[in-house]
Amino acid sequence: MVRPKYLLLLTALGWLGSACTNNEETYLPPLVASSSRGNLRFKGPERLNSDVAAALELPADAVCTELGMYQCTSTVHNVALGGVEPYGTGLYEPSGVTSSTTPLVVERLAWSACTRRVTTDFADLGAAVIFRGIKLNSAKLADPDGEEVRAAITQLVQRGLLREPSENEVARYIKLARDIEATGNAEPARAWMQAVCFAVFSSAEAVFY
Amino acid sequence: MSLKKNGRLSRREALKALTLAAAGSTTLAPFLFGCRQAQSTAETTEAIGGRRSELTTKPKFLIVIGAAGGASIIDSFLAVRATEAGASAAQFNTFPDASVQSVAGSPFRAVRYMNSKLGSIPIAVNTDQLAFVQKYRDDMLVATSIGTSVNHTIAQKRAITGNAAWKGRTLQECVALQWGQGMPLPNVNMAVGGYGERGTDVSLPASVYPETVTNPSLWPLGLDGQKGVLGTPAADVIALARKTRNDLDTESVFGQTFAKTQVLARWRSQRENSAGLEAQDLITRLNVLPDLPPQVPLSQYGLSSSPDGARVRQVFPDFLIDPFSGQAALAFLLLKNQVSAAVTIGPDFNVKLGGTSGIVNPPLAFDFSHNDHRSAQAFMWARILSTVDKLITLLKSEPFDTATGETMWDRTLIYVATDFGRTRTRPDNATVFSSGHDLNNGFLLISPMVKGNTVLGGVDPLTTLGYGFDARTGAPKVGSVASNEPDIFTGVLTAMGADLSGSGLPDASAFKA
C-alpha cells in the first residue's frame, strides 16, 4: 500500500505537469479522432495535374501553363511539386517533403485551372460542367443560397475531394459568395465561381492523400 | 522511509522507492514533454546550436560551386613543373615548365594550356589561369585534401558535409541556420547530384533545408500564388478565398484527423511563410528573363523583369543556354536581395552546345578527364574561374552597408567544392591521356574572410600527391595522407565566423583571415 505522503508526492507531480498551460491537449479538443499514423503523402506533379484535369474536365496539358506555353507540372514547377529531374541535375528521387514554394505553386495551378473552367462555364451556364444552371442577377448570383449554387458546391467537392460536402462547407462557401459581393467586386458571380473552385482544389485535402 | 543502521535503504524500501520513481516519471513525463514542445524555442536553439549571431550580427553569405566530376588541384594552383619532379616527371601529371606560371609574392601557380581539340571534340582549348590568380590571390586559400570516396555522388555529398562532421549537416544548412533565419529562402540549391542533397540532421528547422531549383530562369514564377496567371480575381477576393480555404482546412474532418501530423504542420507553416515571398515581390525581383515576346511574353502576363535584370544578363549573356550561367545570375540576385544566405550552383554532366567555341559544357564536366585529362581540366577550370570572377565583380559592385562601406563581397565566401582529385599517372610524356578518380586533391576558397594568398598543405613534386596540414596552426604535415574532410568543412565555417560551440568540430583557425 502506498503511504499518504507518496500519494501526496504523485498528486503534486501530476498537478505540476498539468499546470503547463501550453499542452495542446488542454484546449481545442478535436471533434474527430486524430489519426495515430498520419501517413500523409503529397500528390506530386503528375497526380495533381491529372486529378485536377479529370475533376474539371480540362485537357491535361491545359491545366496550368506559365506564360501560356511552359507546362507547370511537367516542366517549370515539377520539382517544387515533389517531382524529379534525373537528366539535368541528377535528381533521381523526390524529396518526399513539400518545399517552401510548393503552396504557392499549388495555388498557381488551382487559379490557372479554375479560371479556365469558369471562363468556359460562364460563357454558357446552361451547359456548364460545374456551375450549371446558376442564375445571375446582372453580374451577381441571383440567389447565393439557392439550389443551383448548392449543387455547384456539391459538384466541386465531389469532383475535387471525392466525397459529399458537409453542411459547414456549404455554409462557408455560400458565405464566401456574400463576402465577395460585399467587396464591391464588379463581377461577383464570376469571382465567386473562381474563388470557390480555388478553395476546393488548393485545400490540403485536395493535394494530400 | 526508514534507513538501515548502515544508512542505506532496506531492500523493501529500495524497491518501493524505485516503483514510485517509475510511477512518478510516467506521470510527469508526458506533461514535461508537452511543455518542452510548446516552449521549445530556447531548448531547440541550444540543441541545434549556432544561432546566436543570427540575432547579433549582420548576415554573411556562402556560395558553393559544385565542380562536378573532379577538379584537379594539380591542374591549377598547385601544378607541378616537369623539372621539379625529377626522374618521375614523364610518368606523372607534370607540365612543361613554361606552362606553369608563378605569381609574384604568392604560393599559387597558374596553368597556361593550349590544344587544338577537347578530347574527341574538335574545338580549340586555349586557357590561362594567370589573370585570375593575379586578380584574386589575396582572397584565395587552397587547402589540400584527402577524401574518403571516389564515387561521384558520395564524394560530392561529403564535400559539403565534411563526411558528416557535424551531425550530417551541410555547410549550406549551417550557414542558413546561422545567418539566414530571417530570410525568405535561406538555402537555395541548384547544383547536381550530391551537391544538391540535404543533410541528415533532422533536428534542424525545415526552413534551412535546401530549396531545390532546376530551372533558374523560370523558377521565380513560382514565388507568387497568382501573379502572372491571367484572369484571376481581385486581391481582396483572393484573400477571402484563401481565408475560407484555410478555415475549412482546419475545420474539415480531414484537417482534424491529420491535424497533428508533421506533414500538415509543415504545410501550414509553409503556407503562412509564403505570404512573405509574395509581399517581397520576388517573382519580379528574382526574374532574370527579359520581356521578349513571343517566347517570353512577360508584360502580356502582367509580369516584368528584375530591376537588376539587364545588368545581370549583360554579365551572364548565356544565361538561357548555359544552366551554370543561369544559376550564377539567379545566385547573385538571391544574395543581393538577401533572399538567401547560402546558394549552391555548378555545371552538370550534360553536354551543352553554344557559346563562341560551340561547346559550353563538355559531357561529364570535369569527369571528361576520363577521355582527355589535360584539356578537360583546362576547359572546366576556365569555366569555373570565369563564373567566379563574374560573381565577385557583381558582388563587389553591390553595397552591403553604406555606413561601413562594406560590399556584398566583403561578407561572402565562395567554396569551390569538388568530388575528388584525379589519378596522377600517364604514359611516358603523353600530353593527351586519361585519368581516373583519386582521393588526393585540394579545395579552393575565395573570400576576404579567408586567410588569403595561402596554401594549407602542399604537393610533393616527386609524386605530385598532396600532403596534409595542421588545421589549427596551418603548419604543413609532410607525408601525411590522413583524411581531413572535417578540417575543410570546419575551415569554411571558421573563416566565416560561424558559431561552432557544441559542435565538436576541430579547430580550423588556419583558414581564417
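1. Contact here is a C-beta criterion, with the atoms placed from the backbone and lying within 7 Å. Bear in mind that this is a predicted model, where local features need pLDDT of at least 70, side-chain atom pairs count only at pLDDT 80 or more, and totals for chains, interfaces and linings use all residues. Residues are numbered from 1 along each chain as its sequence is written, and chains are lettered from A and ligands numbered from 1 in the order in which they are written.

2. Chain B has 513 residues, and 50% of them count as buried (20 or more other C-beta atoms within 10 Å of the residue's own; 12 or fewer is exposed, in between is partly exposed). Its secondary structure comes to 14 helices and 20 strands, taken as DSSP runs numbered from the N terminus (H or I, at least four residues, for helices; E, at least two, for strands).

3. On to the sheet in chain B. It is open, with eight strands in the order 7-6-8-1-13-16-5-17 and mixed pairing; a pair needs at least two DSSP bridges. Strand 7 (211–212) and strand 17 (454–456) of chain B are the edges, each pairing on one side only.

4. Within that sheet, strand 13 (residues 412–418) and strand 16 (residues 440–446) of chain B run antiparallel and share three bridges.

5. Now the A–B contact, which takes 64 residues from chain A and 65 residues from chain B. Several helices of chain A each supply at least two residues to its side, including helix 1 (4–18) and helix 6 (167–182). Helix 4 of chain A gives the most, with ten residues. By class, the chain A side has 28 nonpolar, 28 polar and eight charged residues (nonpolar: Ala, Val, Leu, Ile, Met, Phe, Trp, Tyr, Cys and Pro; charged: Asp, Glu, Lys and Arg; polar: the others, Gly among them).

6. Finally, one residue of helix 4 in chain A: Phe122(A). Phe122(A) is partly exposed because 17 other C-beta atoms lie within 10 Å. Leaving out residues up to four places away in sequence, Phe122(A) touches Arg190(A) and Met193(A).

Note on methods:
Two residues are in contact if their C-beta atoms, placed from the backbone, lie within 7 Å.
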